Number of protein chains: 2
Amino acid sequence: MKKSLLPVLSIFTAAVLFGITGCKPKNAGNAAEGDAASKVYVAPGKYDELYNFVSGGFSGQVSVYGLPSGRLLRVIPVFSTDPESGYGYSENTKPMLNTSHGMIPWDDQHHLDLSQTNGEVDGRWIFANGNNTPRIARIDLKTFRTAEILEIPNSAGNHSSPFITENTEYVVAGTRFSVPMDNEDKDVPISSYKKNFKGTVSFISVDPQSGNMKIAFQLMLPGIDFDLSHAGKGPSHGWFFFSCYNSEQAHTLLEVNASQRDKDFIMAVNWKKAEEYIRQGKGKKQTVKYAHNVYSDSTHTATSTIETETLVLDAKDLPGIVYMIPCPKSPHGCDVDPSGEYIVGSGKLAALIPVFSFQKIQKAIADKNFDGDYQGLPVIKYEAALHGEVKKPGLGPLHTEFDGKGNGYTTMFISSEIVKWSLKDLKVLDRHATYYSPGHLMIPGGDSKKPYGKYLVAYNKITKDRYLPTGPELAQSAQLFDISGDKMKLLSDYPSIGEPHYAQAIPASIVSKNSVKIFDITKNANPFVALGEKNSKVVRNGNRVDVYMTMIRSHLSPDNIEGVKVGDEVYFHLTNLEQDWDVPHGFAIKGANNAELLVMPGETQTLKWVPTEVNVYPFYCTDFCSALHQEMQGYIRISAKGSNVPISFSLGKNSVDPTTMDSAKSK
Amino acid sequence: MKKSLLPVLSIFTAAVLFGITGCKPKNAGNAAEGDAASKVYVAPGKYDELYNFVSGGFSGQVSVYGLPSGRLLRVIPVFSTDPESGYGYSENTKPMLNTSHGMIPWDDQHHLDLSQTNGEVDGRWIFANGNNTPRIARIDLKTFRTAEILEIPNSAGNHSSPFITENTEYVVAGTRFSVPMDNEDKDVPISSYKKNFKGTVSFISVDPQSGNMKIAFQLMLPGIDFDLSHAGKGPSHGWFFFSCYNSEQAHTLLEVNASQRDKDFIMAVNWKKAEEYIRQGKGKKQTVKYAHNVYSDSTHTATSTIETETLVLDAKDLPGIVYMIPCPKSPHGCDVDPSGEYIVGSGKLAALIPVFSFQKIQKAIADKNFDGDYQGLPVIKYEAALHGEVKKPGLGPLHTEFDGKGNGYTTMFISSEIVKWSLKDLKVLDRHATYYSPGHLMIPGGDSKKPYGKYLVAYNKITKDRYLPTGPELAQSAQLFDISGDKMKLLSDYPSIGEPHYAQAIPASIVSKNSVKIFDITKNANPFVALGEKNSKVVRNGNRVDVYMTMIRSHLSPDNIEGVKVGDEVYFHLTNLEQDWDVPHGFAIKGANNAELLVMPGETQTLKWVPTEVNVYPFYCTDFCSALHQEMQGYIRISAKGSNVPISFSLGKNSVDPTTMDSAKSK
């Protein structure tokens, strides 16, 4: 093994001195260029031009910004509970967060990819990865809600995910951490990493009509770390490219031990070849355990199913599926240009950016122009695959997107800048400072065949002094650039929710025309719906009490309930009878641990409560709905366990206790 | 009881037809006035002029915006769990959400009030109410974190809260819902409302140095609904004013039954008189149960204590504390002008706005100019207390703030506008449409003695078509106005998190100078801190395993752990050793249900995990911290319950299993 500790350490020192401590680039003039104010201002009543979907990183959610304004339009809960919407609190949504480990109320969400048709974003769905508990979510852009979550077996640290093929045939997912496989002996020493730890990449098929996901197959791979990936497109459709680091197979102090080799790899996967092997019966079925959660807009309820089978192909035994391409120093981003010909590997510790050619890769494979193998997988010669190198681009290249006009834009984490370069001759054309240390960048459609090359957003990892301080925890910072001209122009800074890891953007018109405004109540198939106030009721069955309650401006029905006892399992099924846009109602009840619900027009949602104390508890609408919203309240009496108070419920029977009339001296 | 059902119903019909359905005001020209773009644009690297703290309504959190940009700088978790910060997930923060009902992970947060000194905002703390489970929180503006939460006994629907006196002597809280009191028989029929249900207002003292809260006393009051409140100031310091509705004492279908009387009340409370009675020993101690939660920035841990005593004064038995002032139709807002002389009651079903005079109220009390009593509480004659009425202001007045230049600004929910009027002659001076149906409005310092009368923000209840659609759930909408001239000018629309219920704003310089950037690690008093990597360790004690782990760019120590078994209670105590601004680290471990942590520089946070399956689990840093962040990972081996694998832990011992060397064919 060729070691080169010195360059690693020196670049690492540079990282410590510059990028990491976020020192200001020299050219730290803050002024935005040109008439930036008017370019980002969206006047009252006007709409933003683009939806910008931004992953939440450690928050586990996805946020939706308008561009160019940078206004936060919505947080879509995906992998974490969300007190803004009730996701993960209601009985209906809890199953969405179920996994083979039980309910996980908080995950780490890194990347997003919009569904594509013919390599162009189509606005149907956006996919999101769960990084810690390996999962992929599908968000339905008709409702801006998480429609499906699929757990991935044989995986850990699902980082190179959820990138898709040009017709959304597959969403892929790769292990960042190699681990013992699910169906093998897992009680093994960590020091047996090289023997017992393996990596996988998974291909998940997407039903073209429903969008439903299914694990098609998993490739068994050496125990290294897979970082990022992108699909081939056009001529390279049928191939998928993954960046890999830790080819040293270190299991401790990776900052030193996984930075030893001059080159790690870009892994090229021929998934059409894998499909062939499957047709030939070469896949092996494995018994594993993973959750598959689906939300229904008809029953307004999620179901979680534990699946038990996966299909595995061992890459080293099935020639022609996987080839390794050497790539300088711990590649991070792995990006494919709009033409499908160029594959850019960004070695985060490298001082250049290699650009590989799909045609040359194909030729090298045909010519068997290999440089040995890596754990049984053929290694293509670096020079044979290379289109060329972008020289002296800056320090710490991480990610590249494309403007569709022949240019790549790469973020430089350590030197804190974005560098624009030409795909054709690999010359650097422009560079612009960012504040500070950009991770991903995003051009709308910039990882598709048809980028919308007007804007670029840098998602910076360090914020420091960019906004008013908010104590030790700061919002992270995004920066919007105009890239319509030869030179990048900084338009604005805007803070962001969670860690804005990766992002996607799409012209608004493609999505907004399909947006659902209400749920049709006549199609509400929830078993506990009350279709109209006359059907509201309270039903006891043993110690289970079902409250079928309706909401309409400005009362809940029933609003007086008695006969419920300490220890009963009470299910409040709330149906919002409204059929108008933007008339949600909320529900809160004192003393309940799942204290609240939000219910959209035409929807039914359920709150479970086991009362523990005798009392009369108020409940009320929590979403200001009308001039008489404050009157939208009621009471439930909880009696002692052995009480004989019968179940009763009513609305509008304002009975007066005659014994107390005297004290109510009215004027 | 004088009934006037007809006007109520007709105004209710108007509400249904106009305000509620959010029809566009006729003057629906959307264009912002003047050079709005440049007035709201904050160039990259420049700071906003003001912090705007906005309550989250049903989300239970508080969000911080910059003004005039409308950019969301931070969400501060208060009454709900928060996957952006780890609040409510870590062992350290879980106690903050404890109540007498157990842990409540989601509450409804309605109002905010900044601490004041001499009637001016001082930037030390901001108080927030928990509406469903009655609580008051204190947020420390040095850290932008929730420092304390106090539950309120004898309360339900803590709505008229947390308004404060001019030197932050007290924070008050009133019951929106009357209920049976905590120390009485609570298993009573709802129909016995008039006999058994009571209201309270609570005065919570605030320690001038530490800010610590304590229930000073509670006033026992008739069973009606208390809505909002504000303190007297200047000449009226010593008094507190509350709006009350449902003086009909209805307990069902309140939209009809609590809208019967022509007038409800503004309740004036002489709290200095109450203090006198307490000194005379007239308060009665009651045994109750409520949680008091305090977060320490030294131990980085919250404690929750269950308190058991409160002091109650029965208002009807102690003359001179409480007077009732008739106020037209279900008053909502109750606002006191900067001089302390004028009290504005906004009857949400009234067609005028009454303005009361403190001097006249005092004279009426001295003269006993009463109109009988309401349940034992003297009722001051309407005309005797009245300064005058703002005539024909619009439909559905809700809330009023002041510009310090002699003007009030009132939101009109039903006619969807803001109306500016003169305090002196009560003439309407200007009106401006809002989109749609504004609830609260906010002028920075607008409920203090010294408003900063440059901007006004309307927090609208209905959004509909103001932004790009996001499915059935829409962000709510705020609108920023320039009020520096005679006429209000609309500058911008910006969407907001949760339900922007009420808000406060303060010039940034008052707060930002005190902002904490890091926690001094030499003052870290957490019992599980590891002060330096050499102190990191793993300790078993029975089936409890404590992992003292450190984080520094770019490794966790230890990063290889063995000897932990299925069923062990594993506590990961993470100490972030960094002492630089904006270098948080995160921690996630696969398979854990409290899956993540975020740890600020100098801080220690704890994640509890009971592993249920044999495996080698990876863990990693979740907050992108350096060029080698992706290398900041480790493994923990979980063995079977009866296993003999001894506890071991290490960092950097990259042992290689010789049996697997052959397969690692290196190039």
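This note reviews the overall build of chain A and then several local sites in chains A and B.

1. Basis of the model. The model is predicted, so local features need pLDDT of at least 70, side-chain atom pairs count only at pLDDT 80 or more, and totals for chains, interfaces and linings use all residues. Residues are numbered from 1 along each chain as its sequence is written, chains are lettered from A and ligands numbered from 1 in the order in which they are written, and side-chain values use heavy atoms, with hydrogens and water left out.

2. Overall build of chain A. Chain A contains 44 strands and eight helices; these are DSSP runs numbered from the N terminus, with helices (H or I) of at least four residues and strands (E) of at least two. Its radius of gyration is 28 Å, close to the 26 Å from the globule rule for 667 residues, so chain A is as compact as a globular protein of that length. The radius is taken over C-alpha atoms, and the rule is 2.2 Å times the number of residues to the power 0.38. Along the principal axes, the C-alpha trace of chain A spans about 95 × 60 × 40 Å.

3. Among contacts (heavy atoms within 4.5 Å) between residues at least 6 apart in sequence, 63% join residues at least 24 apart.

4. Strand β18 of chain A. This strand covers residues 322–328, and seven of its seven residues are buried. A:Val322, A:Met324, A:Pro326 and A:Pro328 point one way, while A:Tyr323, A:Ile325 and A:Cys327 point the other way. In a regular strand, side chains alternate between the two faces of the sheet. β18(A) pairs with β15 (residues 263–270) of chain A in the antiparallel sense over seven bridges, where pairing requires at least two bridges found by DSSP. A:Pro326 in β18(A) is the bridge partner of A:Phe265.

5. A:Leu254. This residue belongs to helix α4 (residues 254–257) of chain A and is buried, with a relative accessible area of 1%. Beyond its neighbours within four places in sequence, A:Leu254 is in contact with residues including A:Asp225, B:Glu631 and B:Gln633.

6. B:Gly446. This glycine lies in the loop between β29 (438–442) and β30 (455–460) of chain B, and is buried at 2% relative accessible area. Leaving aside neighbours within four places in sequence, B:Gly446 is in contact with B:Glu401, B:Phe402 and B:Pro451.

Notes:
Buried < 20%, exposed > 50% of the residue type's maximum accessible area, 1.4 Å probe, protein only.
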